[in-house]
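Open the model in your viewer and keep the selection tool at hand. The tour below goes stop by stop.

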Amino acid sequence: MKSGVIAVIGRPNVGKSTLLNKLIGEKLTIVSPKPQTTWQRLHGILTTEDAQFVFIDTPGLETERSSPFISVLKKITLSAMNDADVILHIVEPFITDKEHTIEEELKKIREKPKIVLINKIDLKKDKNPLLPVIERYANTALYNDIIPASAITGEGIDVLLRELKKYLPNEGMLYSEDTITDKYERELVAEIVREKLFLFTREEIPYSVACVVDKFDETQREKIIRIYVTIYVEKSSQKGILIGSGGSMLKKIGTSARLDMEKLLDTKVYLELYVKVKENWKKDKHFLKEIGMDK
Ligand SMILES: Nc1nc2c(ncn2[C@@H]2O[C@H](COP(=O)(O)OP(=O)(O)OP(=O)(O)O)[C@@H](O)[C@H]2O)c(=O)[nH]1
Ligand SMILES: [Mg+2]
């Protein structure tokens with residue numbers, strides 16, 4: 001049995017989290033069409049007959065903007081790259097100069113195998129040939145492999161696993177064979193609420209919220225799990241928008257989140273959401289520690 005840790009990295013929105021979910025076959029990590037959805041590192045573990053792959057989902061590496069919060073996200077991604085045996089760099093199937101900053105970062109990590117996965121090839125439909133994109137990455141001489149794939153259709157995933165297996169350095173398993181993630185259920189449900197905020201709210205709102213599970217009562221697990229989540233916003237003006245007129249927005253978020261939680265937990269869920277203002281929480285080191293974002 002071979003095993004190893006693979007850091008899934010790349011610019012925001014390239015499909016890192018979608019790929020991780022596809023690889024594991026479960027919705028473990030949240031996904032949205034907005035950039036910078038992922039704010040944490042999460043391990044997704046795939047155990048096959050002769051290999052165990054530990055994939056780490058990471059926040060997108062933002063190369064244009066900077067802020068103290070973006071630095072926190074970057075630190076999380078760099079720590080995952082540091083802990084990994086293999087780096088899997090996800091890119092989109094177009095030629096861009098926005099990958100240079102990440103490529104500079106990758107040049108510094110000489111000793112680790114690197115694979116670039118050209119994702120979203122389902123978007124190409126022969127209009128724009130893929131060859132120049134492959135050539136562009138080959139010319140960097142940075143990567144051991146270049147793999148075109150689609151995290152949505154699953155095309156190329158078999159090739160990815162076959163190639164990755166060659167680079168797994170350990171003998172034996174890192175997790176028991178039925179483990180699929182390193183996160184607790186209560187951490188996963190907090191993320192589900194955050195995903196709904198990304199899907200249903202606009203502009204700066206999804207970037208201003210932190211979700212904390214205050215109580216996860218599974219004493220009657222067979223029948224129902226009761227979950228109480230506080231959504232922290234940065235300004236009081238955001239609280240009203242989030243609740244919506246007559247509580248309509250919060251209700252929409254709650255219903256959609258509850259349905260996903262029931263799928264994940266395989267039982268009925270009672271969900272209560274509260275909204276609280278925590279001024280400038282993104283700059284509050286203590287609070288970031290409390291919610292597990294600054295270790
Ligand atoms: N057409 C197509 N869309 C994809 C594919 N993979 C991901 N997407 C879409 O791309 C968007 C971003 O996907 P995510 O998985 O959230 O991207 P991410 O890289 O994790 O983004 P951050 O967490 O923000 O860094 C979503 O709308 C996905 O549905 C793919 O293979 N094909
Ligand atoms: Mg993501």
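**Stop 1: the shell around the ligand**

Select ligand 1 and the residues around it: the shell divides into nine nonpolar, twelve polar and three charged residues. The model is a predicted one. In this model, 24 residues surround ligand 1. To find the closest of them, pick Gly15, Ser17, Thr18, Thr38 and Gly60.

Which helix gives the most to this shell? Select residues 16–24: this is helix α1, and it contributes three residues, the most to the shell around ligand 1.

**Stop 2: helix α1**

Stay on α1 and color its buried residues, which are Lys16, Ser17, Thr18, Leu19, Leu20 and Leu23.

What do the buried residues of α1 pack against? Show these elements one by one: the strands β1 (2–10), β2 (42–47), β3 (51–57) and β4 (86–91), and the helix α5 (157–166).

Now step just past the end of α1 to Gly25, where phi is positive, at about 80°.

**Stop 3: the whole chain**

Zoom out and show the chain as a cartoon. Its secondary structure comes to nine helices and ten strands. The radius of gyration is 20 Å, close to the 19 Å given by the globule rule for 295 residues, so the chain is as compact as a globular protein of that length. The C-alpha trace spans about 55 × 40 × 40 Å along its principal axes.

Finally, color the chain by burial: buried residues make up 34% of the 295 residues. Of the contacts with a separation of 6 or more, 68% are between residues 24 or more positions apart.

Note on methods. Residues are numbered from 1 along each chain as its sequence is written. Chains are lettered from A and ligands numbered from 1 in the order in which they are written. This is a predicted model: local features need pLDDT of at least 70, side-chain atom pairs count only at pLDDT 80 or more; totals for chains, interfaces and linings use all residues. A residue is near a molecule or strand if its C-beta atom, placed from the backbone, lies within 6 Å of it. Helices (H or I, at least four residues) and strands (E, at least two) are DSSP runs, numbered from the N terminus. Ala, Val, Leu, Ile, Met, Phe, Trp, Tyr, Cys and Pro count as nonpolar, Asp, Glu, Lys and Arg as charged, and the others, Gly among them, as polar. The radius of gyration is taken over C-alpha atoms; the globule rule is 2.2 Å times the number of residues to the power 0.38. A residue is buried if 20 or more other C-beta atoms lie within 10 Å of its own, exposed if 12 or fewer, and partly exposed in between; C-beta atoms are placed from the backbone. Two residues are in contact if their C-beta atoms, placed from the backbone, lie within 7 Å.
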